[in-house]
Amino acid sequence: MMLMVSVQNLPEALEALKGGADIVDIKNLQEALVGSAHPFVAREVRAVAPPERHVSITLGVVPNQVGTVAMACYAAAQLKATSVKVGFMKSDYALAIETLNECRRALEGSETKLIGSLFADNPLYDGLDAHLTVKMCRETHCDGFLIDTLTKDGRNLFDFIPERDLREMVLEGKQAGMSTALSGHLRLTDLDVLARCNPDIVGVRGAVCASGERDRSVAWEAVAEFKRQVDLRKSGEVQVHREPVMGNGSAGSGWAIIDGRGKSCAGIIAALGQQVATDRTSIVETILGDALNIYDVLVWVQKGGHNLLTKRMDADGTVRVLIQPWAGNGNGHANGNGHGATPKPLGTGA
């Protein structure tokens, strides 16, 4: 779970970077409900941000003008943005699809990722339902999605979409190989719920501004504290889940390894899905180093009807999970003994 901090200018970007933000997201809060920053701001921030830090550009609520939005995405690529977010409020679904398809074409040949976005409070503005986010982004082959909010009346993301729905959308996005991001007036007090949803990215602004007010400037001390709290949940020092129940089952006829250390949760789950789709007899050993990703994998196991054989922690804190794929024969267990099988290393696709 990476920390994304929204900034409006270079001084705020420097504060976010000093506090340890993984992603600096450039936007303009003075333009409509949320708009795009001027190009020179993106150029300045990209020039000072270390290569390992991401710099994203938010276009905000985009107009119903396909060419204009595609041109803005092209400009974001020329500015070397890591990603560009295209958000829809009052838009026809078919037009949103057309817009994202043209944005993807505009980004061809660049390394800038396309992020589609809907707002959880869109119903307040007779806009597109945010529950369509995953479908919209999957149909247009976006690299990821963001669910955010627009309202400034004190309500946040969880006031509009319940935790259960958000968790389902995050998991669905990860299974599709997309990066997943949640934002929308989030506070430190929301972190346990966020951690249970476990998006790849959590976006904040007000929570890391002086006095906790989003119209104040970003403060590096607040960024550092938010980042510390995120890391405590990633490491498992702050528990947000119950321990899983282990299943019983015989070993399969082979052995496959997915090394998920340092990889995104979306990549891990996509690799697991690919593995069991092509081989339902081999035991899958998944190596994980993040408490939140571990839980997501366990949820994937449960939803797929697979069998969790063991979960073991090594001395260095790495967790090894043995999974027996559902064989499709009605009893949830694969056949064969699998003893003495040679592990087959696999990539995670991310």
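Visitor: Is Asp126 buried or exposed?

Guide: In this predicted model, a residue counts as exposed when its relative accessible area is over 50%. Asp126 has a relative accessibility of 71%, and therefore it is exposed. Asp126 lies in the loop that runs between β5 (113-119) and α5 (133-139).

Visitor: What should I notice about the phi of Asp126?

Guide: As a general idea, most residues other than glycine have a negative phi. Asp126 is not a glycine, yet its phi is positive, near 55°.

Visitor: Which value does phi take in Asn198?

Guide: The phi of Asn198 is about 50°, again positive in a residue that is not a glycine. Asn198 belongs to the loop between α8 (191-197) and β8 (201-204).

Visitor: Is Asn198 buried or exposed?

Guide: The cut-off for buried is under 20% relative accessible area. Asn198 is buried because its relative accessible area is 1%.

Visitor: Where is Ala16 placed, and how accessible is it?

Guide: Ala16 is part of helix α1, which covers residues 10-19. Its relative accessible area is 0%, so Ala16 is buried.

Visitor: Which residues are in contact with Ala16, apart from its neighbours within four places in sequence?

Guide: With those neighbours set aside, Ala16 contacts Val5, Val7, Ala21, Val24, Val218 and Val223.

Visitor: What separates the C-alpha atoms of Ala16 and Ala222?

Guide: Ala16 and Ala222 are 206 residues apart along the chain, while 9.1 Å separates their C-alpha atoms.

Key. Residues numbered from 1 in each chain as written. Predicted model: local features only at pLDDT ≥ 70, side-chain atom pairs only at ≥ 80, totals over all residues. Heavy atoms only, no water. Helix = DSSP H or I, 4+ residues; strand = E, 2+ residues; numbered from the N terminus. Buried < 20%, exposed > 50% of the residue type's maximum accessible area, 1.4 Å probe, protein only. Contact = heavy atoms within 4.5 Å.
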